[in-house]
Amino acid sequence: MDHIKQKIIEIGRPKSETVKRLIKEYGDQPIQEVNLGQVLTGMKGVVSLLTCTSKLDPEEGIRFRGYTIPQLQELLPKMQVDGEPLPEGLFYLMLTGELPTKDDVNFISNQWAQRAMNIPPHVFDVINALPKDAHPMIQFNTAILAMSTESQFRKAYLAGMDKKDYWDPTYEGVMDLIARLPVIASYIYRRVFHNEKYIELDPALDWAGNLAHMMGYEEVEVKRLMRLYMMIHADHEGGNVSAHATHLVGSALSNPYYSFSAGMNGLAGPLHGMANQNVMHWIHKMLREIGEENPSEDQIREYAKETLSKGQVIPGYGHAVLRKTDPRFTVQLEFAKKYLPDAPLIQLVEKIYNVVPEILLATGKVKNPWPNVDAISGSLLSSYGITEYPIYTVLFGVSRALGVLTQLIWDRLYGLPIERPKSQNLAWYMNKVNYQ
Ligand code: NMX
Ligand code: MLT
């Protein structure tokens with residue numbers, strides 16, 4: 001048994017005992033009052049999930065196991081001193097709660113490179129059976145489901161397995177799945193946008209570096225950007241659509257492939273991960289309509305108002321939890337200013353940032369007028385030549401696997417049961433509040 005699995009047992013067993021005691025001895029204690037408005041607006045703020053990988057503060061943004069993104073940029077192992085952290089390190093931190101050594105990170109890099117080698121051929125056949133113009137998220141998710149034939153969890157479950165060991169084949173499936181996602185994502189990218197000229201995995205490279213390499217980008221800076229991108233999109237506590245869907249489906253003991261596929265179906269929605277692609281459509285439509293490459297703030301203001309007047313959202317702005325500029329936006333802007341100070345798209349993103357919040361505030365209904373992670377990620381990728389927008393949500397999905405699948409291992413370690421909240425019809429709610 002490898003040292004990570006040993007560590008998981010060491011940390012996981014006492015935690016699972018704590019969860020059992022909490023249910024048994026403290027289970028009837030109220031923790032929160034829920035009002036009708038919360039129920040009818042997407043359960044916002046209703047505390048009902050157990051997530052250990054990360055936590056989102058409305059003002060400050062995301063912390064992974066207690067660490068902010070700038071802290072992790074200092075503390076996690078990197079390839080070069082001036083580089084970005086390796087996402088392998090973030091995975092280790094989310095899984096164990098401890099900062100990794102360089103050896104831990106190398107161990108995971110090697111594991112993932114090895115596990116990425118033996119993707120069964122039928123997975124590529126299934127992708128190839130889809131039309132090339134099927135959205136990359138359709139191709140990505142179809143491949144994830146097709147890989148489910150490899151599920152160790154299913155085999156172990158059918159063979160008869162003690163509940164307390166569920167985490168083990170879950171861990172194996174999660175490691176295989178995460179290892180393979182860059183191969184699948186880059187295969188789809190090369191198939192759709194680069195004439196099927198595929199590039200082999202380089203076992204000497206790290207996970208995110210390999211993704212850039214297999215997509216066809218060898219520049220040090222693109223690999224650095226890919227490491228940053230993979231780190232910042234990895235997790236956003238448990239209630240976001242992709243995390244919650246993965247957890248919910250996993251609670252039926254569906255294997256990691258089925259569970260993650262559910263999360264990816266949610267990520268493909270325009271209000272969630274597809275927003276990164278839609279931001280680019282919004283920007284390019286604006287440039288076309290205004291007829292200028294460098295529109296003024298007044299012109300952007302008019303275009304944004306027109307979007308609202310048509311009953312549409314401005315993609316890349318707003319958030320269900322955050323109430324300030326997303327630190328994932330800020331860290332990308334800082335990266336761009338450091339490495340691409342003159343990139344026109346980044347300058348445009350800044351101009352939009354100067355204009356859009358006041359317009360959203362003026363509506364009187366938008367709770368958070370500030371940019372989220374998607375407001376800049378596509379412009380940054382585009383500025384490095386990755387201009388094929390439909391791949392952006394796939395890249396988000398590759399990264400999101402790190403958090404939601406780590407949590408799935410913890411769901412099994414905690415021994416969490418099937419999720420089954422109660423629903424009521426409209427009349428029940430009307431009665432409850434004496435609706436007149
Ligand atoms: N543009 C226009 N209207 C907005 C926006 C926006 N960017 N954000 C919120 N609103 C509207 C929202 O549609 C709702 O309108 P109505 O009452 O008419 O239905 C009203 O403001 C109140 O919504 P909130 O409570 O502020 O936001 P909610 O928590 O429901 O939704 C988002 C959060 C993120 C779905 C929403 O802000 C949005 O649609 N943003 C644009 C899409 C986007 O960028 N999504 C990416 C989120 C991050 N991610 O990667 O997942
Ligand atoms: C995410 O990264 O999942 C998004 O910001 C959405 C969310 O947190 O609800």
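**Figure 1. Asn195 in the loop between H9 and H10.** Asn195 counts as exposed in this predicted model, because 8 C-beta neighbours lie inside 10 Å, and a residue with 12 or fewer is classed as exposed. Asn195 is placed in the loop between H9 and helix H10 (207-215). Its phi is positive, about 55°, although Asn195 is not a glycine. Most residues other than glycine have a negative phi.

**Figure 2. Met43 in the loop between H2 and E1.** The loop that holds Met43 runs between helix H2 (36-40) and E1. Met43 is a residue other than glycine, and its phi takes a positive value near 60°. Met43 counts as partly exposed because it has 16 C-beta neighbours inside 10 Å, a value in between the limits of 12 or fewer for exposed and 20 or more for buried.

**Figure 3. The hairpin of strands E1 and E2.** Strand E1 (residues 54-57) and strand E2 (residues 61-64) run antiparallel and are joined by four bridges. Three residues lie between the two strands, which form a hairpin. Lys55 has Arg63 of E2 as its bridge partner. In a regular strand the side chains alternate between the two faces of the sheet.

**Figure 4. Pro100 in the loop between H4 and H5.** Pro100 belongs to the loop between helix H4 (87-96) and helix H5 (102-115). Pro100 is buried, because 24 other C-beta atoms lie within 10 Å. Leaving out residues up to four places away in sequence, the residues that Pro100 touches are Pro77, Gly89, Tyr92, Leu93 and Val105. Leu76 is 24 residues away from Pro100 along the chain, and the C-alpha atoms of the two are separated by 7.1 Å.

**Figure 5. The crossing of helices H5 and H9.** The axes of H5 and helix H9 (residues 167-193) cross at roughly 80° and come within 8 Å. This angle makes H5 roughly perpendicular to H9. On the H5 side the meeting residues are Gln111, Trp112 and Arg115, and on the H9 side they are Met175, Asp176, Ile178, Ala179 and Arg180. By class, four nonpolar, one polar and three charged residues make up this contact of H5 with H9.

**Figure 6. The packing of helices H14 and H18.** Helix H14 (residues 275-290) packs against helix H18 (residues 374-383) at an angle of about 75°, and the two axes are 8 Å apart. H14 is therefore roughly perpendicular to H18. H14 contributes Ala275, Asn276, Gln277, Val279 and Met280 to the contact, while H18 contributes Asp374, Ala375, Ser377, Gly378 and Ser382. The contact of H14 with H18 has four nonpolar, five polar and one charged residues by class.

**Figure 7. The residues around ligand 1.** Ligand 1 is surrounded by 21 residues, of which the closest are Ala275, Val313, Gly318, Ala320 and Lys367. One of these, Ala275, is also part of the contact that H14 makes with H18. The shell around ligand 1 comprises eleven nonpolar, seven polar and three charged residues.

**Figure 8. The residues around ligand 2.** The shell of ligand 2 consists of His236, Asn240, His272, His319, Ala320, Val321, Asn372 and Val373. Three of the shell residues are nonpolar and five are polar, and no charged residues are present.

**Figure 9. Helix H12 and what covers it.** Helix H12 (residues 241-250) is largely enclosed by the rest of the structure, because nine of its ten residues are buried. The buried residues are Val241, Ser242, Ala243, His244, Ala245, Thr246, His247, Val249 and Gly250. The cover over these buried residues includes helix H13 (256-267) and H19.

**Figure 10. Leu395 in helix H19.** Leu395 lies in helix H19 (residues 392-414), and H19 is part of what covers the buried residues of H12. Leu395 counts as buried because it has 29 C-beta neighbours inside 10 Å. Apart from neighbours within four places in sequence, Leu395 is in contact with Ala185 and Tyr229. Met161 is 234 residues from Leu395 in sequence, and the C-alpha to C-alpha separation of the two in space is 35 Å.

Terms used. Residues are numbered from 1 along each chain as its sequence is written. Chains are lettered from A and ligands numbered from 1 in the order in which they are written. This is a predicted model: local features need pLDDT of at least 70, side-chain atom pairs count only at pLDDT 80 or more; totals for chains, interfaces and linings use all residues. Axes are lines fitted to C-alpha atoms, for helices over the stretch in contact, and angles run from 0 to 180 degrees between N-to-C directions. Angles under 35 degrees count as roughly parallel, over 145 as roughly antiparallel, 65 to 115 as roughly perpendicular and the rest as oblique. Two residues are in contact if their C-beta atoms, placed from the backbone, lie within 7 Å. Ala, Val, Leu, Ile, Met, Phe, Trp, Tyr, Cys and Pro count as nonpolar, Asp, Glu, Lys and Arg as charged, and the others, Gly among them, as polar. A residue is near a molecule or strand if its C-beta atom, placed from the backbone, lies within 6 Å of it. Two strands pair if DSSP finds at least two bridges between them.
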